[in-house]
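Thanks, everyone. Please look at the model first.

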Amino acid sequence: MRDALLIVLFAFLGATTAGVLGAGVLRLIRRRSLTAHLAVVAAVAVAAMLAGTLAVARAMFLSAHDLSVVTTVAAMAAVVSLVTALLLGRWVVARSRELALAARSFGDGGGFAAPDGPAAAEFAALSRELEATSVKLAESRDRERALESSRRELVAWISHDLRTPLAGLRAMAEALEDGVAAEPDRYLRQIRTEVERLNEMVGDLFELSRIHAGALSLSPARMSVYDLVGDALAGADPLAREYGVRLVGDGVEPVPVEVDGREMSRVLGNLLVNAIRRTPADGTVAVSARRAGEGVVVSVTDGCGGIPEEDLPRVFDTGWRGSDARTPPAGAGLGLAIVRGIVEAHRGRAVVRNVEGGCRFEVTLPLAG
(Lines give C-alpha, C1' and ligand atoms only; values in the text may rest on other atoms or scores of the structure.)
Protein backbone atom coordinates (compact mmCIF):
# COMPACT_ATOMS: atom_id res chain seq x y z
CA MET A 1 0.00 0.00 0.00
CA ARG A 2 2.86 2.33 0.86
CA ASP A 3 4.58 1.60 -2.49
CA ALA A 4 1.35 2.39 -4.39
CA LEU A 5 0.99 5.72 -2.62
CA LEU A 6 4.59 6.62 -3.38
CA ILE A 7 4.10 5.76 -7.06
CA VAL A 8 1.00 7.97 -7.23
CA LEU A 9 2.80 10.81 -5.44
CA PHE A 10 5.94 10.76 -7.62
CA ALA A 11 3.90 10.33 -10.81
CA PHE A 12 1.69 13.27 -9.82
CA LEU A 13 4.65 15.51 -9.02
CA GLY A 14 6.38 14.71 -12.30
CA ALA A 15 3.21 15.23 -14.37
CA THR A 16 2.40 18.44 -12.50
CA THR A 17 5.84 19.84 -13.23
CA ALA A 18 5.41 19.12 -16.95
CA GLY A 19 1.89 20.61 -16.90
CA VAL A 20 3.04 23.85 -15.24
CA LEU A 21 5.86 24.25 -17.74
CA GLY A 22 3.44 23.55 -20.60
CA ALA A 23 0.99 26.16 -19.27
CA GLY A 24 3.82 28.70 -19.18
CA VAL A 25 4.76 27.92 -22.76
CA LEU A 26 1.10 28.23 -23.88
CA ARG A 27 0.91 31.64 -22.24
CA LEU A 28 4.04 32.77 -24.05
CA ILE A 29 2.73 31.64 -27.46
CA ARG A 30 -0.93 32.59 -26.90
CA ARG A 31 -0.86 34.83 -29.99
CA ARG A 32 0.66 32.18 -32.24
CA SER A 33 -1.07 29.74 -34.57
CA LEU A 34 -3.41 27.03 -33.32
CA THR A 35 -0.98 24.46 -34.76
CA ALA A 36 1.67 25.53 -32.25
CA HIS A 37 -0.85 25.30 -29.39
CA LEU A 38 -1.84 21.75 -30.35
CA ALA A 39 1.83 20.73 -30.63
CA VAL A 40 2.50 22.08 -27.15
CA VAL A 41 -0.53 20.24 -25.74
CA ALA A 42 0.67 16.97 -27.28
CA ALA A 43 4.20 17.55 -25.99
CA VAL A 44 2.89 18.32 -22.50
CA ALA A 45 0.92 15.07 -22.45
CA VAL A 46 3.98 12.99 -23.41
CA ALA A 47 6.30 14.99 -21.14
CA ALA A 48 3.91 14.54 -18.21
CA MET A 49 3.92 10.78 -18.75
CA LEU A 50 7.70 10.68 -19.14
CA ALA A 51 8.35 12.90 -16.12
CA GLY A 52 6.09 10.79 -13.96
CA THR A 53 7.77 7.61 -15.20
CA LEU A 54 11.28 8.93 -14.54
CA ALA A 55 10.29 10.12 -11.07
CA VAL A 56 8.86 6.71 -10.19
CA ALA A 57 11.85 4.90 -11.74
CA ARG A 58 14.29 7.00 -9.69
CA ALA A 59 12.34 6.41 -6.50
CA MET A 60 11.86 2.69 -7.13
CA PHE A 61 15.43 2.14 -8.42
CA LEU A 62 14.46 0.50 -11.72
CA SER A 63 17.22 -1.09 -13.72
CA ALA A 64 18.91 0.84 -16.48
CA HIS A 65 17.49 -1.54 -19.06
CA ASP A 66 13.92 -1.05 -17.86
CA LEU A 67 14.39 2.71 -17.76
CA SER A 68 15.75 2.66 -21.33
CA VAL A 69 12.73 0.67 -22.52
CA VAL A 70 10.28 3.08 -20.88
CA THR A 71 12.11 6.10 -22.27
CA THR A 72 12.13 4.65 -25.79
CA VAL A 73 8.39 3.95 -25.63
CA ALA A 74 7.72 7.49 -24.40
CA ALA A 75 9.88 8.94 -27.16
CA MET A 76 7.99 7.04 -29.86
CA ALA A 77 4.72 8.19 -28.33
CA ALA A 78 5.99 11.77 -28.36
CA VAL A 79 6.91 11.58 -32.05
CA VAL A 80 3.52 10.14 -33.05
CA SER A 81 1.64 12.63 -30.85
CA LEU A 82 3.52 15.61 -32.23
CA VAL A 83 2.98 14.53 -35.85
CA THR A 84 -0.71 13.95 -35.18
CA ALA A 85 -1.04 17.33 -33.44
CA LEU A 86 0.73 19.11 -36.30
CA LEU A 87 -1.51 17.48 -38.92
CA LEU A 88 -4.63 18.29 -36.92
CA GLY A 89 -3.45 21.86 -36.37
CA ARG A 90 -2.78 22.38 -40.06
CA TRP A 91 -6.24 21.05 -40.94
CA VAL A 92 -7.94 23.27 -38.35
CA VAL A 93 -5.99 26.34 -39.47
CA ALA A 94 -6.78 25.65 -43.13
CA ARG A 95 -10.49 25.27 -42.33
CA SER A 96 -10.53 28.48 -40.31
CA ARG A 97 -8.83 30.34 -43.18
CA GLU A 98 -11.47 29.06 -45.60
CA LEU A 99 -14.20 30.33 -43.28
CA ALA A 100 -12.44 33.68 -42.95
CA LEU A 101 -12.22 34.05 -46.74
CA ALA A 102 -15.88 33.10 -47.13
CA ALA A 103 -16.89 35.59 -44.41
CA ARG A 104 -15.12 38.44 -46.23
CA SER A 105 -17.96 38.46 -48.75
CA PHE A 106 -20.16 40.10 -46.09
CA GLY A 107 -18.32 43.37 -46.45
CA ASP A 108 -18.51 43.22 -50.23
CA GLY A 109 -22.29 43.04 -50.27
CA GLY A 110 -22.37 39.34 -51.15
CA GLY A 111 -23.73 36.29 -49.41
CA PHE A 112 -21.95 33.64 -47.40
CA ALA A 113 -21.20 30.28 -49.02
CA ALA A 114 -19.85 27.58 -46.72
CA PRO A 115 -16.55 26.01 -47.87
CA ASP A 116 -16.80 22.59 -49.49
CA GLY A 117 -15.52 19.47 -47.79
CA PRO A 118 -16.04 17.81 -44.41
CA ALA A 119 -15.86 19.93 -41.28
CA ALA A 120 -15.88 19.39 -37.53
CA ALA A 121 -19.17 19.87 -35.72
CA GLU A 122 -18.09 23.27 -34.36
CA PHE A 123 -17.03 24.53 -37.80
CA ALA A 124 -20.27 23.25 -39.32
CA ALA A 125 -22.29 25.06 -36.63
CA LEU A 126 -20.28 28.23 -37.24
CA SER A 127 -20.92 27.94 -40.99
CA ARG A 128 -24.67 27.64 -40.38
CA GLU A 129 -24.65 30.69 -38.13
CA LEU A 130 -22.68 32.70 -40.70
CA GLU A 131 -25.10 31.65 -43.43
CA ALA A 132 -28.10 32.71 -41.32
CA THR A 133 -26.36 36.00 -40.54
CA SER A 134 -25.73 36.48 -44.26
CA VAL A 135 -29.42 36.12 -45.01
CA LYS A 136 -30.38 38.59 -42.26
CA LEU A 137 -27.75 41.05 -43.48
CA ALA A 138 -29.07 40.85 -47.03
CA GLU A 139 -32.59 41.51 -45.78
CA SER A 140 -31.31 44.49 -43.77
CA ARG A 141 -29.59 45.89 -46.86
CA ASP A 142 -32.81 45.57 -48.85
CA ARG A 143 -34.77 47.32 -46.09
CA GLU A 144 -32.16 50.07 -45.91
CA ARG A 145 -32.33 50.63 -49.66
CA ALA A 146 -36.13 50.76 -49.53
CA LEU A 147 -36.06 53.22 -46.62
CA GLU A 148 -33.51 55.40 -48.36
CA SER A 149 -35.65 55.43 -51.50
CA SER A 150 -38.70 56.35 -49.39
CA ARG A 151 -36.76 59.18 -47.73
CA ARG A 152 -35.74 60.61 -51.10
CA GLU A 153 -39.31 60.44 -52.37
CA LEU A 154 -40.59 62.01 -49.15
CA VAL A 155 -38.15 64.91 -49.39
CA ALA A 156 -39.07 65.48 -53.03
CA TRP A 157 -42.81 65.35 -52.36
CA ILE A 158 -42.63 67.48 -49.22
CA SER A 159 -40.58 70.10 -51.09
CA HIS A 160 -43.18 70.17 -53.89
CA ASP A 161 -46.17 70.21 -51.55
CA LEU A 162 -44.71 73.02 -49.44
CA ARG A 163 -43.60 75.10 -52.41
CA THR A 164 -47.08 75.18 -54.00
CA PRO A 165 -49.06 76.63 -51.04
CA LEU A 166 -46.20 78.94 -50.08
CA ALA A 167 -46.15 80.40 -53.58
CA GLY A 168 -49.91 80.91 -53.44
CA LEU A 169 -49.70 82.54 -50.01
CA ARG A 170 -46.98 84.86 -51.22
CA ALA A 171 -48.97 85.90 -54.30
CA MET A 172 -52.16 86.52 -52.28
CA ALA A 173 -50.27 88.43 -49.58
CA GLU A 174 -48.65 90.68 -52.22
CA ALA A 175 -52.04 91.27 -53.86
CA LEU A 176 -53.56 92.30 -50.53
CA GLU A 177 -50.54 94.45 -49.70
CA ASP A 178 -50.68 96.26 -53.06
CA GLY A 179 -54.45 96.71 -52.81
CA VAL A 180 -55.12 94.97 -56.12
CA ALA A 181 -57.19 92.09 -54.67
CA ALA A 182 -60.69 92.29 -56.15
CA GLU A 183 -62.22 90.23 -53.29
CA PRO A 184 -60.07 90.61 -50.15
CA ASP A 185 -62.38 88.41 -48.06
CA ARG A 186 -62.02 85.52 -50.50
CA TYR A 187 -58.24 85.94 -50.44
CA LEU A 188 -58.24 85.84 -46.65
CA ARG A 189 -60.34 82.66 -46.61
CA GLN A 190 -57.97 81.04 -49.10
CA ILE A 191 -54.96 82.08 -47.02
CA ARG A 192 -56.57 80.51 -43.96
CA THR A 193 -57.21 77.29 -45.88
CA GLU A 194 -53.62 77.08 -47.09
CA VAL A 195 -52.27 77.80 -43.60
CA GLU A 196 -54.41 75.01 -42.15
CA ARG A 197 -53.12 72.67 -44.85
CA LEU A 198 -49.52 73.56 -44.01
CA ASN A 199 -50.26 73.10 -40.33
CA GLU A 200 -51.59 69.60 -40.98
CA MET A 201 -48.50 68.70 -42.96
CA VAL A 202 -46.18 69.94 -40.20
CA GLY A 203 -48.25 68.05 -37.63
CA ASP A 204 -47.94 64.84 -39.64
CA LEU A 205 -44.19 65.29 -39.93
CA PHE A 206 -43.88 65.86 -36.19
CA GLU A 207 -46.00 62.80 -35.40
CA LEU A 208 -43.97 60.64 -37.78
CA SER A 209 -40.69 61.84 -36.29
CA ARG A 210 -41.92 60.87 -32.81
CA ILE A 211 -42.89 57.42 -34.07
CA HIS A 212 -39.53 56.82 -35.76
CA ALA A 213 -37.66 58.09 -32.69
CA GLY A 214 -39.63 55.80 -30.39
CA ALA A 215 -40.87 58.83 -28.47
CA LEU A 216 -44.59 58.22 -29.01
CA SER A 217 -46.10 58.33 -25.53
CA LEU A 218 -49.36 56.39 -25.15
CA SER A 219 -51.99 56.75 -22.42
CA PRO A 220 -54.05 53.56 -22.86
CA ALA A 221 -57.52 53.28 -21.37
CA ARG A 222 -60.26 50.65 -21.62
CA MET A 223 -62.94 51.61 -24.13
CA SER A 224 -65.30 50.10 -26.67
CA VAL A 225 -64.44 49.82 -30.34
CA TYR A 226 -68.05 50.82 -31.02
CA ASP A 227 -67.43 54.25 -29.45
CA LEU A 228 -64.13 54.70 -31.29
CA VAL A 229 -65.66 53.93 -34.68
CA GLY A 230 -68.72 56.05 -33.94
CA ASP A 231 -66.61 59.11 -33.13
CA ALA A 232 -64.47 58.58 -36.23
CA LEU A 233 -67.53 58.28 -38.48
CA ALA A 234 -69.01 61.45 -37.01
CA GLY A 235 -65.77 63.34 -37.61
CA ALA A 236 -65.49 62.14 -41.23
CA ASP A 237 -69.14 62.72 -42.14
CA PRO A 238 -68.71 66.35 -43.36
CA LEU A 239 -65.89 65.31 -45.71
CA ALA A 240 -67.96 62.37 -46.98
CA ARG A 241 -70.88 64.71 -47.74
CA GLU A 242 -68.52 67.05 -49.59
CA TYR A 243 -67.25 64.18 -51.77
CA GLY A 244 -70.70 62.60 -52.15
CA VAL A 245 -69.61 59.36 -50.47
CA ARG A 246 -71.80 57.22 -48.19
CA LEU A 247 -70.38 56.12 -44.84
CA VAL A 248 -71.59 52.76 -43.53
CA GLY A 249 -70.75 51.45 -40.06
CA ASP A 250 -73.29 48.71 -39.42
CA GLY A 251 -70.94 45.81 -38.75
CA VAL A 252 -69.32 47.16 -35.60
CA GLU A 253 -69.29 44.95 -32.49
CA PRO A 254 -68.98 46.57 -29.05
CA VAL A 255 -65.70 44.81 -28.25
CA PRO A 256 -63.51 46.25 -25.45
CA VAL A 257 -59.92 47.29 -26.19
CA GLU A 258 -57.27 49.11 -24.20
CA VAL A 259 -55.83 51.85 -26.39
CA ASP A 260 -54.91 55.51 -26.42
CA GLY A 261 -58.18 57.05 -27.56
CA ARG A 262 -56.63 60.15 -29.13
CA GLU A 263 -54.04 58.23 -31.14
CA MET A 264 -56.49 55.55 -32.29
CA SER A 265 -58.95 58.26 -33.33
CA ARG A 266 -56.16 59.63 -35.51
CA VAL A 267 -55.64 56.16 -37.01
CA LEU A 268 -59.30 55.73 -37.91
CA GLY A 269 -59.55 59.33 -39.09
CA ASN A 270 -56.58 58.90 -41.45
CA LEU A 271 -58.02 55.67 -42.85
CA LEU A 272 -61.45 57.22 -43.38
CA VAL A 273 -60.11 60.41 -44.99
CA ASN A 274 -57.88 58.31 -47.23
CA ALA A 275 -60.83 56.09 -48.24
CA ILE A 276 -63.24 58.99 -48.85
CA ARG A 277 -60.81 60.89 -51.06
CA ARG A 278 -60.19 57.83 -53.22
CA THR A 279 -63.78 56.68 -53.55
CA PRO A 280 -65.74 58.16 -56.46
CA ALA A 281 -68.95 60.11 -55.87
CA ASP A 282 -71.95 57.94 -54.97
CA GLY A 283 -69.52 55.31 -53.71
CA THR A 284 -69.51 53.70 -50.27
CA VAL A 285 -66.94 53.51 -47.50
CA ALA A 286 -67.76 50.72 -45.04
CA VAL A 287 -66.34 50.34 -41.55
CA SER A 288 -66.59 47.15 -39.51
CA ALA A 289 -65.11 45.80 -36.28
CA ARG A 290 -65.19 42.19 -35.13
CA ARG A 291 -63.52 39.90 -32.67
CA ALA A 292 -60.93 37.59 -34.29
CA GLY A 293 -59.16 35.16 -31.98
CA GLU A 294 -57.30 37.11 -29.31
CA GLY A 295 -57.71 40.44 -31.09
CA VAL A 296 -60.12 42.92 -32.65
CA VAL A 297 -60.02 43.62 -36.38
CA VAL A 298 -61.20 47.09 -37.50
CA SER A 299 -61.52 47.35 -41.28
CA VAL A 300 -62.16 50.25 -43.64
CA THR A 301 -63.29 49.27 -47.16
CA ASP A 302 -63.34 51.82 -49.96
CA GLY A 303 -64.25 51.91 -53.66
CA CYS A 304 -60.93 53.13 -55.05
CA GLY A 305 -60.75 50.41 -57.70
CA GLY A 306 -57.87 48.58 -56.07
CA ILE A 307 -54.14 49.02 -55.66
CA PRO A 308 -51.62 47.45 -58.06
CA GLU A 309 -50.26 44.24 -56.58
CA GLU A 310 -46.69 45.45 -56.86
CA ASP A 311 -47.55 48.50 -54.73
CA LEU A 312 -49.29 46.65 -51.88
CA PRO A 313 -46.08 46.01 -49.89
CA ARG A 314 -45.26 49.75 -50.03
CA VAL A 315 -48.62 51.19 -49.02
CA PHE A 316 -47.55 51.89 -45.43
CA ASP A 317 -44.08 53.20 -46.37
CA THR A 318 -43.23 56.79 -45.55
CA GLY A 319 -43.97 59.04 -48.52
CA TRP A 320 -45.88 56.47 -50.58
CA ARG A 321 -48.78 57.99 -52.51
CA GLY A 322 -49.30 55.53 -55.31
CA SER A 323 -49.88 56.42 -58.93
CA ASP A 324 -50.86 59.85 -60.16
CA ALA A 325 -54.47 58.67 -60.47
CA ARG A 326 -54.56 57.91 -56.75
CA THR A 327 -52.62 60.91 -55.56
CA PRO A 328 -54.90 63.34 -53.69
CA PRO A 329 -54.52 67.06 -54.06
CA ALA A 330 -53.30 67.37 -50.46
CA GLY A 331 -51.02 65.39 -48.22
CA ALA A 332 -47.46 64.13 -48.42
CA GLY A 333 -47.99 60.39 -48.14
CA LEU A 334 -47.55 60.36 -44.36
CA GLY A 335 -51.01 59.32 -43.20
CA LEU A 336 -50.67 55.57 -43.69
CA ALA A 337 -47.12 55.54 -42.30
CA ILE A 338 -48.51 57.22 -39.16
CA VAL A 339 -51.29 54.62 -39.04
CA ARG A 340 -48.81 51.75 -39.05
CA GLY A 341 -46.57 53.41 -36.45
CA ILE A 342 -49.40 54.06 -34.00
CA VAL A 343 -50.92 50.59 -34.46
CA GLU A 344 -47.56 48.86 -33.92
CA ALA A 345 -47.02 50.99 -30.81
CA HIS A 346 -50.25 49.38 -29.51
CA ARG A 347 -48.77 45.91 -30.23
CA GLY A 348 -51.08 45.55 -33.23
CA ARG A 349 -50.61 45.36 -36.97
CA ALA A 350 -52.00 47.08 -40.07
CA VAL A 351 -52.47 45.39 -43.44
CA VAL A 352 -54.15 46.14 -46.75
CA ARG A 353 -55.65 43.86 -49.39
CA ASN A 354 -57.61 44.32 -52.57
CA VAL A 355 -61.30 43.46 -52.63
CA GLU A 356 -63.91 43.68 -55.35
CA GLY A 357 -64.11 47.29 -56.51
CA GLY A 358 -61.59 48.67 -54.03
CA CYS A 359 -59.31 47.82 -51.16
CA ARG A 360 -59.67 47.05 -47.47
CA PHE A 361 -57.41 48.36 -44.71
CA GLU A 362 -57.43 46.18 -41.58
CA VAL A 363 -56.11 47.17 -38.17
CA THR A 364 -55.73 44.36 -35.63
CA LEU A 365 -55.60 45.34 -31.95
CA PRO A 366 -55.23 43.13 -28.87
CA LEU A 367 -58.29 42.65 -26.70
CA ALA A 368 -58.49 44.44 -23.38
CA GLY A 369 -57.23 42.28 -20.51
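Leu336, Ala337, Ile338, Val339, Gly341, Ile342 and Val343 are buried, where buried means under 20% relative accessible area, exposed over 50% and partly exposed in between, with a 1.4 Å probe and protein chains only. Helices are DSSP runs of H or I, at least four residues, and strands are runs of E, at least two, numbered from the N terminus.

A word on the source. This is a predicted model, where local features need pLDDT of at least 70, side-chain atom pairs count only at pLDDT 80 or more, and totals for chains, interfaces and linings use all residues. Residues are numbered from 1 along each chain as its sequence is written, and side-chain values use heavy atoms, without hydrogens and water.

What covers the buried residues of H8? The cover includes H5, H7, strand S6 (349–355) and S7. Contact here means heavy atoms within 4.5 Å.

Axes are lines fitted to C-alpha atoms, for helices over the stretch in contact, and angles run from 0 to 180 degrees between N-to-C directions. The H5 and H8 crossing is left-handed: the near helix is turned anticlockwise from the far one by less than a right angle, whereas clockwise would be right-handed. H5 brings Asp204, Glu207, Leu208 and Ile211 to the contact, and H8 brings Ala337, Ile338, Gly341 and Ile342. By class, that is five nonpolar, one polar and two charged residues. Nonpolar covers Ala, Val, Leu, Ile, Met, Phe, Trp, Tyr, Cys and Pro; charged covers Asp, Glu, Lys and Arg; the others, Gly among them, are polar.

Now H5 against H7, residues 261–278. Their axes lie 14 Å apart, at an angle of about 120°. The contact is made by Gly203, Asp204, Glu207 and Arg210 of H5 with Arg262, Glu263 and Arg266 of H7. The classes here: no nonpolar, one polar and six charged.

Just after H8, Arg347 takes a positive phi of about 65°.

Last, the aromatics. The structure holds one aromatic pair, counted when ring centres of Phe, Tyr or Trp (its six-membered ring) lie within 6.5 Å; planes under 30 degrees apart are stacked, over 60 edge-to-face and the rest tilted. The rings of Phe316 and Phe361 have centres 6.0 Å apart and planes at 85°, so the pair is edge-to-face. Phe316 sits in the loop between S5 and H8, Phe361 in S7, 45 residues apart. Phe316 is buried at 7% relative accessibility, and Phe361 is buried at 2%.
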